[in-house]
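Dear colleague,

I am passing on the structure we spoke about, and below it you will find my notes on what turned up when I went through it.

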Amino acid sequence: MGPQRYKSLCKPTMAALFAEIQQKGDNITTGLKHVTKDMKSKGSTATVPGSVGDTAAKKVGINYEGTPKFALEDNKWTLEFTHGDVAKRESKDIELDASEMSQSHSLYIYRCRFLFVKVPIKVNSVTLVECKKVCVQFQSLISTCEVTNCDGCEVQVLGSAPSVQIDKSDNIFVHLSKDSLSCELITSSSRGINVTVPNPEFPDETVDLPVPEQFVSTVEVKGQSAKLVTKPTAHI
């Protein structure tokens with residue numbers, strides 16, 4: 001499955017999300033609307049610190065305006081405040097130069113919007129922080145891919161990766177190849193997380209697997225010890 005196939009998965013997924021936003025209009029979640037300062041003060045509601053609702057509220061206030069940066073510092077490539085066409089909701093393609101990279105390098109993407117970022121070689125790690133509508137495609141990782149406080153982003157693994165960690169994020173898609181099915185997915189305080197894997201029966205097609213958001217915990221007592229057992233909620 002080549003890079004162009006994965007790229008084709010990224011942009012239609014974004015388009016589908018925007019179509020849903022336009023269709024639902026005012027009913028769409030407030031985390032996807034532009035909120036002015038007076039709206040924040042008038043419509044604020046109390047949330048429990050650390051909850052998913054609190055996380056979404058924090059993402060509304062992210063300031064994406066800053067000095068664009070794309071540079072190599074020591075062993076870390078830093079991409080900051082870089083955006084596609086936000087008004088048209090179209091992504092901008094950024095491909096790192098393989099001749100300037102090595103496996104010891106890592107990629108750090110901060111407060112970017114509407115980007116398709118391609119990493120052409122195996123690197124140490126990839127990190128997305130406070131990004132919106134960013135799709136990052138990489139070959140393989142030595143360490144991990146981290147997604148923190150992001151919304152509507154996608155991670156595409158063409159080769160292999162030990163793990164993908166998602167924290168305080170919403171509507172994240174993780175596309176795994178046949179070589180990365182052993183990848184561990186670690187999620188915390190997140191919602192709308194989906195994993196796409198090759199269809200075992202039809203290799204040219206994919207299967208979407210939603211990550212559970214509800215869990216059931218029970219107490220098990222054995223002898224003099226007790227422990228809490230937590231399992232995903234089974235939907236019939």
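Apart from its neighbours within four places in sequence, Glu80 is in contact with Thr67, Pro68, Lys69, Tyr108, Tyr110 and Cys112; please keep in mind that this is a predicted model. Glu80 lies in strand 2, which covers residues 76-80, and although Glu80 is buried it has no salt bridge, the nearest side chain of opposite charge being that of Lys69, 4.9 Å away.

The largest nonpolar core has 36 residues, and those with the most contacts inside it are Leu107, Ile109, Val126, Leu128, Val136 and Phe138. Of these, Ile109 touches Leu79, Val117, Thr127, Leu128, Val129, Cys131 and Val136, again leaving aside residues within four places in sequence.

On the cysteines, the structure holds zero disulfides. Cys153, for instance, is in no disulfide, and the nearest cysteine sulfur, that of Cys150, is 4.4 Å away; Cys153 is buried, with a relative accessible area of 2%. Cys183 also counts as buried, at 13% relative accessibility, and its sulfur is too far for a bond from the closest cysteine sulfur, in Cys145, at 8.4 Å.

Finally, Leu228 is found in strand 16, residues 225-232, and is exposed, with a relative accessible area of 58%. Not counting residues up to four places away in sequence, Leu228 touches Ser217, Thr218 and Val219, and the C-alpha atoms of Leu228 and Thr218, which are ten residues apart along the chain, are separated by 5.7 Å.

With best wishes

Definitions and conventions. Residues numbered from 1 in each chain as written. Predicted model: local features only at pLDDT ≥ 70, side-chain atom pairs only at ≥ 80, totals over all residues. Heavy atoms only, no water. Helix = DSSP H or I, 4+ residues; strand = E, 2+ residues; numbered from the N terminus. Buried < 20%, exposed > 50% of the residue type's maximum accessible area, 1.4 Å probe, protein only. Contact = heavy atoms within 4.5 Å. Core = buried A, V, L, I, M, F, W, Y, C linked by side-chain atoms within 4.5 Å. Lys, Arg positive; Asp, Glu negative; His and termini not counted. Salt bridge = Lys/Arg side-chain N within 4 Å of Asp/Glu carboxyl O. Disulfide = S-S within 2.5 Å.
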